[in-house]
Amino acid sequence: MSKELQLKVSAITGAGSGIGKAIAKAFAQVGSRVAVTDVNWEWANSVANEIKEAGGEAIALKLDVTRQDECQAVVDLIVERWGHIDLWVNNAGVSTMNRFVDLTERDWDFNMDINAKGTFLCSQVVVRQMLKQTPDAANGLRGKIINIASMAGKRGNAPFLAHYVASKFAVVGLTQAMAGELAKQGITVNAICPGYVATSMQEREVEWEAKLRGVKPQEVRQLYIDDTPLGRLETAEDVAKVALFLASPLADFITGESINVNGGSFME
Ligand SMILES: NC(=O)c1ccc[n+]([C@@H]2O[C@H](COP(=O)([O-])OP(=O)(O)OC[C@H]3O[C@@H](n4cnc5c(N)ncnc54)[C@H](O)[C@@H]3O)[C@@H](O)[C@H]2O)c1
């Protein structure tokens with residue numbers, strides 16, 4: 001995969017940290033121009049600077065995925081600068097944790113708004129843009145969308161995460177529905193379902209879960225490792241490698257899939 005994405009234009013949401021950051025860097029390393037977007041522009045800018053310092057091409061753009069007007073502005077800006085969008089990664093996501101009986105409407109709305117509705121709102125703007133693009137002569141595709149779902153988008157038995165589970169099942173369903181509807185128009189849509197990834201999201205979850213279970217954070221981290229047959233926490237780079245595969249020509253004939261990347265935690 002030396003320069004697989006040479007001159008491709010990609011955009012990643014929530015790319016200011018964690019998995020999104022790893023994907024942005026991985027895409028840039030194989031020659032993609034990368035729009036690093038995040039609700040926190042400072043974080044996005046720092047990632048874009050890292051990419052540029054390493055010799056890549058990147059811009060940092062502020063994007064709150066719950067705001068379709070912001071997404072439209074971001075898409076317009078990318079097209080004005082680079083002419084088209086080949087790859088869009090809906091990665092931005094949040095979580096909170098609570099026992100089902102204690103979940104609040106606020107927990108529900110926060111998770112559903114960013115994880116599920118944000119994926120819908122951004123994808124709609126991106127698809128409208130991709131439909132205007134001429135299909136690539138090499139593969140007949142106008143563009144590819146990759147959604148970062150979760151193991152919790154397939155395995156409902158995830159303690160304290162009922163609302164998050166619902167939001168990620170929605171992402172897996174939306175991935176299939178979009179893929180079915182858009183295939184004939186040359187747009188592929190796939191999802192990745194990571195397991196226990198060591199990011200700031202996980203750090204927050206470890207603290208919450210430790211309190212809810214009445215144990216030490218290290219015990220929760222150990223629970224995650226024990227639930228992973230490959231025997232370690234997942235890294236953001238483990239996820240980025242699969243995003244890179246889906247973005248590359250190697251995956252041109254894959255659509256509607258939600259690929260598990262979880263060290264064996266959940267198999268189907
Ligand atoms: N960490 C895990 O164990 C894990 C497992 C499975 C799936 N995921 C999913 O991977 C994705 C990335 O998670 P992460 O672990 O890197 O988390 P993270 O908290 O490290 O990063 C999330 C990023 O999203 C941004 N963000 C939050 N709200 C946003 C909004 N409204 N608009 C745009 N950006 C916003 C944040 O600023 C942050 O940079 C999420 O969709 C998450 O649900 C994570």
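What radius of gyration does the chain have, and what would a compact globule of 268 residues have? The radius of gyration, taken over C-alpha atoms, is 18 Å for the chain, which agrees with the value near 18 Å of a compact globule with 268 residues (the globule rule is 2.2 Å times the number of residues to the power 0.38). Along its principal axes, the C-alpha trace spans about 55 × 40 × 35 Å.

The model is predicted: local features need pLDDT of at least 70, side-chain atom pairs count only at pLDDT 80 or more, and totals for chains, interfaces and linings use all residues. Residues are numbered from 1 along each chain as its sequence is written.

The chain holds eight helices and seven strands (DSSP runs numbered from the N terminus: helices are H or I with at least four residues, strands E with at least two). The axes of H1 and helix H2 (residues 41-53) come within 10 Å and cross at roughly 25° (axes are lines fitted to C-alpha atoms, for helices over the stretch in contact, and angles run from 0 to 180 degrees between N-to-C directions). H1 is therefore roughly parallel to H2, a term for angles under 35 degrees. Lys21, Ala24, Lys25 and Ala28 of H1 meet Val47, Glu50 and Ile51 of H2, contact being C-beta atoms, placed from the backbone, within 7 Å.

The ligand is surrounded by 30 residues, the closest being Gly14, Gly18, Gly93, Thr199 and Met201 (a residue is near if its C-beta atom, placed from the backbone, lies within 6 Å). Helices H1 (18-29), H4 (105-132) and H6 (200-213) each give two or more residues to this shell.

Key
Angles under 35 degrees count as roughly parallel, over 145 as roughly antiparallel, 65 to 115 as roughly perpendicular and the rest as oblique. Two residues are in contact if their C-beta atoms, placed from the backbone, lie within 7 Å.
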